Structure formats: structure tokens, C-alpha cells
Amino acid sequence: MTFDPLRPAVGRRTARLAEQRRRRRRTTRIVAAVVGVVVLAVAVVVVLGHTGGDKKKGAAARTQRTVLLQVKGTDGTAVASALLAHDPAVTEGSVVLVPPQVIVSVPGAGSQAFGRALATSSARGSRDALSDLMGVTVDGSWVLDTAAFSRLVDTLGGIEVDVDVPVLSGRTVLLQPGQQRVNGARALALGTYLAPGEQEQSRLARLQAVIDGIVGALPTDVRALIGSLGKGSASSVGVPVLADLLAGLKKDDGKEQLQYRSLPVIKVDAGTDETRFRVDADGTRSLVDELLAASVPAGVRSVGNRVLVLNGVGTPGLGEKVRARLVPAGFVFVGSRNANAFTYQQTQVLVKDATTQGAALGARVARALGVPASSVKVSDQIGTIADVVVIVGRDFKAR
């Protein structure tokens with residue numbers, strides 16, 4: 001279906017969608033990135049953090065699926081990102097909007113703004129970084145370049161959105177405020193627009209309006225829609241799985257069981273004119289407990305299992321390969337960086353003390369990496385960021 005600028009709005013449905021979007025927009029702004037966490041919520045989170053049995057049980061019977069949607073700009077960075085989640089067992093869905101300026105640790109590429117991870121690493125690097133940041137399983141990615149994103153909206157016949165401010169491109173007004181149907185190019189402009197002096201939350205609210213419009217306009221045959229987008233659309237989970245998730249979100253929307261939230265973040269002084277955020281750990285844990293509890297992997301909420309990886313051989317992307325061994329074994333990957341030299345022949349698993357617990361922890365890490373138990377050594381230089389430091393040597397064999 002092509003976009004028809006003269007196509008009239010559909011009365012009752014348009015009014016219902018407008019009201020739903022206004023309600024969701026209010027919800028998103030209430031859960032704004034800079035809002036503090038209510039004391040009671042924090043207390044509940046602390047209690048949940050010490051009772052891992054329910055989380056493990058939920059993970060074992062997991063039916064929720066998560067996919068990171070990203071729109072790739074012309075420079076390869078992500079200009080828009082949202083974590084889509086749907087659980088068919090309970091007919092509930094959620095969309096977590098992720099600001100591109102939040103600092104993440106990208107396996108094998110170090111700390112950087114989340115939006116840049118897609119360009120400096122890969123789609124896998126982006127979703128692994130978000131997974132580590134939020135403490136949830138991210139099953140896959142769906143990356144659309146700007147042309148494919150516009151084609152998606154145009155194939156739907158345009159989408160209904162409520163534009164809150166004039167959207168400009170230079171001095172050209174692309175959109176005037178008000179409820180209206182927009183084509184793909186204008187939907188992209190709206191979803192990525194930030195007016196001078198506005199906070200990032202305003203842009204995320206517009207991205208929400210665009211995603212909500214797309215979900216509401218999805219056809220019955222979602223697989224055919226995805227297949228029509230061409231090479232600018234790439235999904236790591238495959239078309240059938242992605243189509244089922246999107247169709248599930250549409251059902252959730254119809255039952256008013258689709259929630260939109262922004263990733264809770266706190267602004268930091270980066271020493272430049274660029275805006276940067278760090279994740280609000282308490283706020284994010286509260287959000288995860290409410291919307292993504294079924295996707296919390298085993299080990300994430302445990303104490304004493306954080307692992308920092310140092311590349312001791314210089315092989316690009318080595319941190320990502322080591323992470324792929326650690327996380328399934330129940331460890332928390334806190335980042336990767338280069339070691340002080342690239343001459344390590346043997347992998348070293350460094351623990352803080354020679355106690356029975358320290359030795360057992362080191363042995364578990366060594367076993368997960370497939371290196372001998374003799375790799376475990378005691379070091380007083382680990383610091384506080386991790387419980388174990390792994391210096392990867394040439395004996396490490398990636399599967």
C-alpha cells in the first residue's frame with residue numbers, strides 16, 4: 001500500500017488511538033529519565049534482589065521474548081533505539097525507549113555512547129551492551145536503515161501521530177502540531193526530532209508516538225510486511241519470530257496491555273557540549289522487575305560474580321567472545337579493555353583472596369572459559385569494579 005496524503009482519518013479509531021497515545025505519553029513523561037525513584041519502590045526492589053528463587057523460576061519457564069529495534073543513520077550509528085518485549089503467555093507487552101547518549105560498555109569496544117555502538121561494534125555488540133546495562137536477556141536485534149524504516153511506514157499507508165511541536169529541517173517546516181497521518185520520511189523526522197533547548201525525554205516521547213502508530217497500523221500478515229522491506233531490514237531472530245513478536249504487540253495494544261517506558265538515566269558532566277547519561281541503577285531495576293522480570297537471566301542478581309575482561313593478545317572483538325562464555329555460565333560481564341601488554345600466552349583468572357570461596361569462584365570462571373584451573377591466581381590489584389579479572393591469553397579458544 002502506498003501513502004496517500006489525502007486519505008481521511010478514520011473517526012472513532014483515530015479518536016481512540018489519540019487518547020491512548022496521550023495517555024501513554026503522560027506515562028512516559030512521568031517515568032522520565034531524571035525522575036527519582038520512590039522510596040517504597042526501592043525497598044521492594046531490595047527485597048526482590050535478595051530473593052532470587054522467583055527470578056530463576058521465571059527464567060526457567062520463560063515465554064517472554066525481547067528484540068532490540070534500532071534505526072541506523074547514514075553514519076552507521078543508531079538514531080533511534082527501543083527494546084520490544086512480548087509475553088504471549090500473559091498477553092502483555094512493553095517498549096523501553098533507550099536514549100542514544102547513555103554510556104554503555106560494549107564487549108570488545110569499551111565504554112561509549114549507546115547510539116555509537118552500532119557503528120563501532122555490531123548489532124550484536126549493541127544488544128549485548130544493553131543486556132549488560134539492564135540485566136536482562138535480549139534475544140535479538142532488528143536493524144532498519146532509514147530507507148527501510150520509511151518504507152515500513154509507507155507500506156502501512158502512513159501512520160497516525162499527534163505532533164506536539166513544529167518539526168523543522170533547517171528552516172523548512174516538515175510538520176505542524178496536531179493529530180495527522182504522516183508518511184515514512186516524516187515519521188522518521190518526528191521520531192528523531194529534538195528542538196533547541198529541549199530535554200532528551202521530548203525526543204523519546206516522539207519516538208514512542210511513532211512506534212505506537214506503527215504497532216497500531218500493523219496488518220494481519222506481518223511476515224509479508226517484514227519480507228517486503230528489502231536488504232535495509234536485518235533481523236537476527238528471523239522473520240517468523242520477529243513477526244510473531246510484532247503481532248503480539250498489536251494484540252497487547254488492542255487489549256491496552258502495552259506499556260511504554262523510558263530507560264531511567266541520570267545526566268552526567270562529560271566535560272564537553274555533548275549530552276551524556278549514566279544508567280539509573282535503582283530505577284532500571286525497578287523497571288525490569290515490573291516489565292521484564294521473566295527475562296532476568298540466572299546470576300545477574302547474585303553477589304560476587306562480576307567479571308572484568310582484559311585483552312592480553314590484541315585480537316579484535318575478543319571481549320565479545322569471552323562474554324559469550326561467561327554470561328550463560330551465570331556471571332555478570334562488567335566490561336572489557338586492553339591489558340597492559342599483548343604478550344600473554346596463558347590466560348590468567350585473578351581473584352581477590354586465597355580463601356576457599358575465592359578459589360571456587362576462580363575455578364568456576366576458568367571452567368566457563370575452558371582454561372585450566374592452574375590459571376587461577378590471587379591479586380590485590382583487582383579494585384572494586386569486579387570480583388574477578390580475566391587476562392585473556394593465547395590459550396583461550398573461542399568456539
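Contact here means heavy atoms within 4.5 Å. This is a predicted model, so to speak only of its local features we need pLDDT of at least 70, side-chain atom pairs count only at pLDDT 80 or more, and totals for chains, interfaces and linings use all residues. Residues are numbered from 1 along each chain as its sequence is written, and side-chain values use heavy atoms, with hydrogens and water left out.

**Exercise 1.** Find what tryptophan 142 touches, not counting residues up to four places away in sequence.

*Solution.* Start with Val67, Leu68, Leu69 and Gln70, which are among its contacts.

**Exercise 2.** Work out whether glutamine 101 is buried or exposed, and which side chain its own side chain meets in a polar contact.

*Solution.* First, recall that buried means under 20% relative accessible area and exposed over 50%, with partly exposed in between (1.4 Å probe, protein chains only). Glutamine 101 has 10% relative accessibility, so it counts as buried. Next, a polar contact is a pair of N or O atoms within 3.5 Å; within protein, one must be able to donate a hydrogen and the other to accept it, and residues adjacent in sequence count only if both atoms are side-chain atoms. The partner is the side chain of glutamate 200, at 2.8 Å. Finally, leaving aside neighbours within four places in sequence, glutamine 101 is also in contact with residues including Ala113, Arg203 and Phe277.

**Exercise 3.** Name the residues with the most contacts inside the largest nonpolar core.

*Solution.* A nonpolar core is a set of buried Ala, Val, Leu, Ile, Met, Phe, Trp, Tyr and Cys residues joined through side-chain atoms within 4.5 Å. The largest one has 47 residues, and Trp142, Phe149, Ile159, Ile214 and Leu246 have the most contacts inside it. A second, separate core of 25 residues includes Val96, Val136, Leu287 and Leu292.
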